[in-house]
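Reader: I'm new to reading protein models. Could we go through this one together?

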Amino acid sequence: MTSNPQNLSKSLIRIWNVSLPDSTHVANLFRPIQADKDRLIHSLRTHNINTLPELRRIERIFSALNAPDTAAPMQNAWIYYVDSHNLLNELRGLTRDYPFSSECLDEAKARVPRNGNGVGNYCWKVLKWVKDQSLIPSHARLLAAKPAMWGGKKPSAADVQKLATMCTNEWTRALTTLLRHWDANGA
């Protein structure tokens with residue numbers, strides 16, 4: 001059978017006009033969805049899912065389900081993702097030439113509340129704080145001025161500025177890349 005709009009609409013009409021005999025049948029229709037949701041919650045609780053794209057995928061699924069029992073596991077998964085250095089590892093994976101500053105991320109984590117109040121999740125709030133408070137340039141300057149970055153020697157002001165600019169550019173690209181997983185409001 002070829003798939004054309006008329007056949008498709010006739011099929012949809014037949015599907016939607018089916019009368020369901022009882023509520024047990026309706027409950028059986030939703031059992032696979034509940035099982036999938038339970039598996040995802042279990043994966044979040046056991047930290048089997050630990051990348052930003054995967055967490056965002058699950059967050060979108062839970063948002064579509066609009067199930068209140070998914071909020072706490074999702075919130076806890078984001079907190080674990082940030083606190084277990086998975087966020088730092090993803091940022092550093094995007095900044096191979098000038099590894100992202102753990103101090104920069106730690107400063108943002110210390111200032112962003114972990115609770116679920118407000119818009120967005122903990123990870124988005126931390127990344128947004130880094131961006132909105134312009135933490136990257138100041139941490140890039142601090143890193144560039146450390147004698148350890150120069151083999152124990154005191155760097156010139158021009159060298160510090162050059163390295164700080166390179167770090168700032170690479171770290172900002174990485175931050176922007178991760179923030180693209182959300183819209184401007186954290187959804």
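Reader: What share of the residues in the protein is buried?

Author: Happy to start there, with one caution: this is a predicted model, where local features need pLDDT of at least 70, side-chain atom pairs count only at pLDDT 80 or more, and totals for chains, interfaces and linings use all residues. Residues are numbered from 1 along each chain as its sequence is written, and side-chain values use heavy atoms, with hydrogens and water left out. Buried means under 20% relative accessible area, exposed means over 50%, and partly exposed is in between (1.4 Å probe, protein chains only). Of the 187 residues in the protein, the buried share is 33%.

Reader: And how many helices and strands does the protein have?

Author: Helices (H or I, at least four residues) and strands (E, at least two) are DSSP runs, numbered from the N terminus. From that end, the elements run α-α-α-α-α-α-α-α-α. The count is nine helices and zero strands.

Reader: Which residues of helix α5 are buried?

Author: Helix α5 spans residues 86-93. What covers its buried residues includes α4 (71-83), α6 (102-111), α7 (122-132) and α9 (157-179). The buried ones are Asn86, Leu87, Leu88 and Leu91.

Reader: At what angle do the axes of α7 and α9 cross?

Author: Axes here are lines fitted to C-alpha atoms, for helices over the stretch in contact (heavy atoms within 4.5 Å). Trp124, Leu127, Lys128, Val130 and Lys131 in α7 meet Leu175, Leu178 and Leu179 in α9. Angles run from 0 to 180 degrees between N-to-C directions. The two axes come within 10 Å, and they cross at roughly 145°.

Reader: How far apart are the closest N and O atoms of Arg39 and Asp36?

Author: Both residues lie in helix α2 (residues 23-45), three residues apart, or about one turn of the helix. Asp36 counts as partly exposed, at 40% relative accessibility. In the salt bridge of Arg39 with Asp36, the closest N and O atoms are apart by 2.1 Å.

Reader: Is Arg111 buried or exposed?

Author: Arg111 forms a salt bridge with Glu107, with the closest N and O atoms 3.6 Å apart. The two are four residues apart in helix α6, so about one helical turn separates them. Glu107 is partly exposed, at 25%. At 51% relative accessibility, Arg111 counts as exposed.

Definitions and conventions:
A salt bridge is a side-chain nitrogen of Lys or Arg within 4 Å of a carboxyl oxygen of Asp or Glu.
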